[in-house]
Amino acid sequence: MNPLKPGETPRAPWIVGVSGASGTPYAASVLRALLDAGESVDLVVSRASRLTLLDETGISFRDAHWQDDLREWLSRGADGKPDTFDVHISGVRHWSAGDLAAGPSSGSYATKGMLIVPASTACVAGVALGLSKDLLQRAASVTLKERRTLVVAVREAPLNGQTLRHLVTLDDAGASVVPASPAFYAGATHIQDLVDFVAGRVLDAAGVPHGLYRRWKGELGGGAGQSRTSRADND
């Protein structure tokens, strides 16, 4: 471990866990926004989510080539178009989901908190029950026991009673539950706008500044055709 240089502050990352639910564009938007905000990120991509990522984007996420694969993933828009975003991933550290001796597995490993996006119902159940079957679930359990910020962006429909009870358990434990349900008052004109709205609400729950969506200002009709994407296209 390298000692800190004079004037350097200890690294305190956000852990981003990506589970197997559909919605990998949500995770990509959150990751880009965290990096744009100057935040450090510890990334945990579950085994199931790699299948979802392959299905939704055609990208194989491999531990041995995670930097190349992550760069390709984050550069794509929600519509699948490559090279949509210019990304820099120097602030990301990747941990294998099977590495239960990784930094985030311990409460003494300093982090700002954890964002699970998207969160599958299986992931929700595992965290609510404290199963810690992989690093993603273990890191979430550690986040809760250390009273750090945990945001769970659940993505499933419909939700059955068992999952709803698990979500209540997480809420009672101090987690913020953010359903991956986009709103339309921000004037969405593109699929990316809908994705960014959900990602923005996840970051709102974590207290991370961003500019992913147009906020409500109490003026009816103010969002028509004025999404962040459409305004950027006209600049």
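1. The sheet is open and has six strands in the order 3-2-1-4-5-6, with parallel pairing; helices (H or I, at least four residues) and strands (E, at least two) are DSSP runs numbered from the N terminus, and two strands are taken to pair if DSSP finds at least two bridges between them. Strand 3 (92-96) and strand 6 (176-177) stand at the edges with a single partner strand each, so one side of each has no neighbour in the sheet.

2. A word on the basis of these remarks: this is a predicted model, in which local features need pLDDT of at least 70 and side-chain atom pairs count only at pLDDT 80 or more, while totals for chains, interfaces and linings use all residues. Residues are numbered from 1 along each chain as its sequence is written, and side-chain values use heavy atoms, with hydrogens and water left out.

3. Strand 1 (residues 14-18) and strand 2 (residues 41-45) run parallel and are joined by five bridges, and within this pairing Trp14 has Val41 of strand 2 as its bridge partner.

4. Pro13 lies in the segment before strand 1 and, at 1% relative accessibility, counts as buried (buried means under 20% relative accessible area, exposed over 50%, and partly exposed in between, with a 1.4 Å probe and protein chains only). Leaving aside neighbours within four places in sequence, Pro13 is in contact (heavy atoms within 4.5 Å) with Ser40, Val41, Asp42, Tyr109, Ala110, Thr111, Lys112 and Gly113. The C-alpha atoms of Pro13 and Leu131, which are 118 residues apart along the chain, are separated by 24 Å.

5. Strand 5 is mostly covered, five of its six residues being buried. Two bridges join strand 5 to strand 6, again running parallel, and here Val151 stands opposite Ser176 in strand 6. Between these two strands the chain crosses through helix 6 (residues 161-172), and this β-α-β crossover is right-handed, that is, with the strands pointing away from the viewer, the path from the first strand over the helix to the second runs clockwise.

6. Helix 7 (residues 191-206) lies across strand 1, strand 4 (113-119), strand 5 (149-154) and strand 6, and runs at about 160° to strand 5; axes are lines fitted to C-alpha atoms, for helices over the stretch in contact, and angles run from 0 to 180 degrees between N-to-C directions.

7. The count of aromatic pairs comes to four, where rings of Phe, Tyr and Trp (its six-membered ring) pair if their centres lie within 6.5 Å, and planes under 30 degrees apart count as stacked, over 60 as edge-to-face and the rest as tilted. Tyr185 and Phe197 have ring centres 5.6 Å apart and planes at 90°, so the pair is edge-to-face; this pair links Tyr185, in the loop between strand 6 and helix 7, to Phe197 in helix 7, twelve residues apart. Tyr185 is partly exposed at 36% relative accessibility, whereas Phe197 is buried at 6%.

8. Tyr185 also pairs with Trp216, the ring centres being 6.1 Å apart and the planes at 75°, so this pair too is edge-to-face. Trp216 lies in the loop between helix 7 and helix 8 (228-234), 31 residues from Tyr185, and is partly exposed, with a relative accessible area of 46%. Ring pairs link Tyr185, Phe197, Tyr213 and Trp216 into a cluster.
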